[in-house]
Structure formats: C-alpha cells, structure tokens
Amino acid sequence: MINWQIITLGKVGSTNDEIKKYCTEKGKYVVLRAIKQTSGRGRRGRSWCSMEGNLFFSLALEMPLSKLGMLVVIASLSLHQVIKNLNSQAEVKLKWPNDVLLDGAKVSGMLLEKGQLDYIIVGIGVNIAKHPDNAEMLYPTTSLQEAGIHITAEEFMAQYLQKFEQNMELLQAGKDDILRNQWLKCAKGVGEKIAVRQEEGEQSGIFRGIDENAHLLLEKENEICHIRVGDVFYIEKEI
Ligand code: BTN
C-alpha cells in the first residue's frame, strides 16, 4: 500500500510548485491539494483557470524518466475510471496525451513536470463544480456538476488515490501492455482522422494509438509518426 503524505493547503500559486518543497528527501509519496489556486499552470505554457470548488492537486513520486509515458497512462486512466464509476452512463473519453472529456468537453487536465531528485510531479485539475467560459478556451469545457455528478473535491481525490494505487501496482508488476490497452479502449478517436497542433505547425493523419512511451502514433501516407508533444483536434466526419 502506498503511504501517501497528504497535505491540504488553503491557497497556493500552483500546487505543482508548492509540492516541490516536500520532495527534499528520497522515498516519499506526496499529495498536495489546495482549496484555492491563484496561478494554475496548464500544458504548453498555458494557464489553468482554477475556479472555486474545483479540485487542484499534485502527486510527487519517484520514477525513472523512462517510465514517464506509463505514468501518463496510469494517471489519466485512473481519472477515467473514477468518473465512469460515478456515472456509468456518462460518455467519458481520454484525449491524448492526458485530458479527460465528459460528454465531449474537457473536464480534467494534467501537467507532468520533473521535480528534484528522481521525483516526477503529476498536477491534476478537475472541474468539479464550475468550468471556464467556453468562448475563451481552446476546447469546450464542462464540469462534473454540469453532467449531474455531485461529489466534493476532497472525496474525488480520495477515490482517485485508490484507483491510482491499483494501477500503480499493475505498473510495478510489469503489466504495461494491459494498462496501455485499457487506456486505448477509453481513448477518443482511435482509427479516425485527427489534427495535431505543435509549435512547428499542424499535421493531420489517422490516430493509430500510442507507443511504449505513450507517444501518439499518427499515420500519414502509410508511414507512422511518433509524436511526443502536441494538442489534438478531432476532425468531424462529413455525412
Ligand atoms: C492542461 O490541461 O493544460 C493541464 C492542466 C493542469 C492543471 C493542474 S491544477 C493542479 C496542478 N497545478 C498546476 O499549476 N497545474 C496543475
């Protein structure tokens, strides 16, 4: 069983920054949640709109960087499992690399960063009660509450830590393939045309899944490209 050191703070800039203060010695599993977050950070230099009543937390654990991709897999799969457990009828999908979509809109995002020593920080935001105005966002967003799921941030995090631990046990037992397949079953758009936006520009192709490092496999002109970073957009099929 993971012996988490759980810290709850009233107000922080970013839980991803705050948790680093607790990772000064080896061998710890730390979870840090903030009731309010004033400078939440998102992927690719974006900010994370941290609205009152929502969940902002970070995990810190030691893991070799070679396992980073699998950590993305278990961290996002665990979110999917918790939300699906709360409402089995809801349409819950994973969007590469680590977003969760609820009824087609983003309900959760994740930011992984390198901490001190061998720590990796996994920062997770879940829109429990509120979501930002969609007109200002890159993607449409939603909240659990909007989808009729009523749970507190605290209870959600407790359920998440349980799922995370189960998936971590599978990872430690070398069940990477099983975990990746589970992730793929929950992913949106496998086998379909997508566009991937990167700093260098945008490319489109067929989403063929993920590799052992959880990099996206994009088929273009019968060639498979492995993509490490980017934002995925689904291309609506014409009828
Ligand atoms: C994204 O989708 O762009 C990632 C969003 C990650 C947000 C969470 S909230 C808790 C943690 N602290 C941060 O500053 N960011 C992450």
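I began with helix 4 and found Asp176, Leu179, Arg180, Trp183 and Cys186 buried (under 20% relative accessible area, with exposed over 50% and partly exposed in between; 1.4 Å probe, protein chains only).

The model is predicted: local features need pLDDT of at least 70, side-chain atom pairs count only at pLDDT 80 or more, and totals for chains, interfaces and linings use all residues. Residues are numbered from 1 along each chain as its sequence is written, and side-chain values use heavy atoms, without hydrogens and water.

Next I asked what covers the buried residues of helix 4. The cover includes helix 2 (68–86), strand 4 (92–95), helix 3 (153–172) and strand 9 (201–210). Contact here means heavy atoms within 4.5 Å. Helices (H or I, at least four residues) and strands (E, at least two) are DSSP runs, numbered from the N terminus.

I then turned to the face of helix 4 away from its buried side, and found the exposed residues Asp177 and Lys185 there. Lysine 185 belongs to helix 4, residues 176–186. Lysine 185 counts as exposed because its relative accessibility is 72%. I also checked lysine 185 against histidine 215: they are 30 residues apart in sequence and 16 Å apart in space, C-alpha to C-alpha.

On to the ligand. I listed 18 residues around it, the closest being Ser14, Gln37, Arg41, Arg43 and Lys106; a residue is near if one of its heavy atoms lies within 4 Å. I found a ligand oxygen 2.7 Å from an N or O atom in the side chain of serine 14. A ligand oxygen is also 2.7 Å from a polar backbone atom of arginine 41, and one is 2.7 Å from a polar backbone atom of arginine 43. The protein covers 98% of the 420 Å² of accessible area that the ligand has on its own (Shrake-Rupley method, 1.4 Å probe).

Which element gives the largest share of the shell? Strand 6 does, with four residues.

Last, I looked up asparagine 98, in the loop between strand 4 and strand 5 (99–102). Asparagine 98 is buried, at 5% relative accessible area. Leaving out residues up to four places away in sequence, asparagine 98 touches Arg43, Val72, Ser76, Ser108, Gly109, Met110 and Leu112.

Note on methods. A polar contact is a pair of N or O atoms within 3.5 Å; within protein, one must be able to donate a hydrogen and the other to accept it, and residues adjacent in sequence count only if both atoms are side-chain atoms.
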